[in-house]
Amino acid sequence: MKISLIVSDLSSRGAGRWGGAVRPFLLTQALQHLGHTVEIVGFDDSPSSSFAVPQVKTHVLPARGYPGFVSSACQLLRQLDGDVVYAYKLKPSSFGLGLLYQLATRKPLFLDIDDWELSWHGGDRLTYRPSLKQLARDVLRHNGGLRQPDHPLYLKWIEPFTRNAAQITTHTQFLQQRFGGVYVPNGKDVLAFDPSQYDAVQSREKFGLIPYRILMFPGAPRPYKGLEDILAALDLLNEPDLRLVIVGGSPYDDYDQQLIQQWGRWIIQLPKFSYDRMPEVVSAAHVIVVPQRDVSAAKAQFPLKLTDGMAMAKPILATSVGDIPTILGSTGYLVAPSHVHQMAETIQHIFEDFDQAQHRGALARQRCVDHYSIHSMATRLEPLLSK
């Protein structure tokens, strides 16, 4: 079949940030693995700078606020011609357009939910009760809130329409419990992320990391991701050769600069790398850290950096939040969220018996191959499409 995947944000702050590394492109690889043809259609606020995904036809349209969004949305709907439309994210700019296409064509609509979008705006407690003056600003100003296609109010309105999807897929049990559907955890390209293809010492030398014991966070820093806890643990240990390497930095705000101002002596920041270079970057780590905090935004997410480290056979230090314990099984090191002393003790324990830590990393690699590969992702999707 041909499957049209609608992605609300293909910009460098959204799905375009890591190229083939994030959820819509993992879905694409899994669907292609099953023999289907996939096209990606979506929005970017600077379409001329959009990336290209090898072997995937991509249509990128200008992201606009209302009323210009109506024109962009009409262009997107005219581009769709899949036998199945697969909306990525529970947003009006993806699922909402999928509903319109379904209404017009009677073709089946799938919905993939990889985040609880309302969790960023107060969750179920969200209310919108503006004064008349504020309402006028939100409607009439060029950048008014209600002119944004995915304003929190619209996110709340669209949630009940999930019942109109032919199939729902989620990547965490938290989201499955909230929205139903089928659990399809993220898959990793375990052929690309293959530790046998890289020499860790050479990689550390290449990136200027050779004098240090490296804790690596290969993602975008956000407060709920717990980097402050790891850095506080490094303060407690106060061992001069330990470093936290942050790859890419935050595309959303200056949070990484705030971290550097307070804990700069422990931080090395590497630039953003293309997806095909990330295995080499991850190979330079001694340990991958995923110190998520116990908040709804973290529970709803499947940390891709977790399977980056697992696939590359790295020891993983993570917190017991959301699906992380299930994903890791007994192959990593789990600590309580925000428990700085426990993190410090575990870092010390890992390096005191690093041979054992590397053995756990090898087990993590095998677990990733068995349960969190593109092949295993395709296996979960196949019965949904065969219906």
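Author: Buried here means under 20% relative accessible area, exposed over 50%, and partly exposed in between, using a 1.4 Å probe and protein chains only. Before we go on, this is a predicted model, where local features need pLDDT of at least 70, side-chain atom pairs count only at pLDDT 80 or more, and totals for chains, interfaces and linings use all residues. Residues are numbered from 1 along each chain as its sequence is written, and side-chain values use heavy atoms, with hydrogens and water left out.

Reader: OK. How many aromatic pairs does the structure hold?

Author: Ten. Rings of Phe, Tyr and Trp (its six-membered ring) pair if their centres lie within 6.5 Å; planes under 30 degrees apart count as stacked, over 60 as edge-to-face and the rest as tilted. One of the pairs is Tyr86 with Phe110, edge-to-face at 5.5 Å centre to centre and 70° between the planes.

Reader: And where do tyrosine 86 and phenylalanine 110 lie?

Author: Tyr86 is in strand E4 (residues 84–88) and Phe110 in strand E5 (residues 109–113), so the pair ties together parts that are 24 residues apart in sequence. Helices (H or I, at least four residues) and strands (E, at least two) are DSSP runs, numbered from the N terminus.

Reader: Is phenylalanine 110 buried or exposed?

Author: Buried, at 5% relative accessibility. Then there's Phe193 with Tyr275: ring centres 5.9 Å apart and planes at 45°, so that pair is tilted. It links distant parts of the chain, 82 residues apart, with Phe193 in the loop between strand E7 (182–183) and helix H7 (200–206) and Tyr275 in the loop between strand E10 (267–270) and helix H10 (278–283). Phe193 is buried at 1%, and Tyr275 counts as buried at 18%.

Reader: Switching topic: which charged end sits over the ring of tyrosine 333?

Author: That of Arg360, 4.1 Å from the ring centre. The rule wants NZ of Lys or CZ of Arg within 6 Å of the ring centre and within 35 degrees of the ring normal. Arg213 also lies over a ring face, that of Phe351, at 4.8 Å from the centre.
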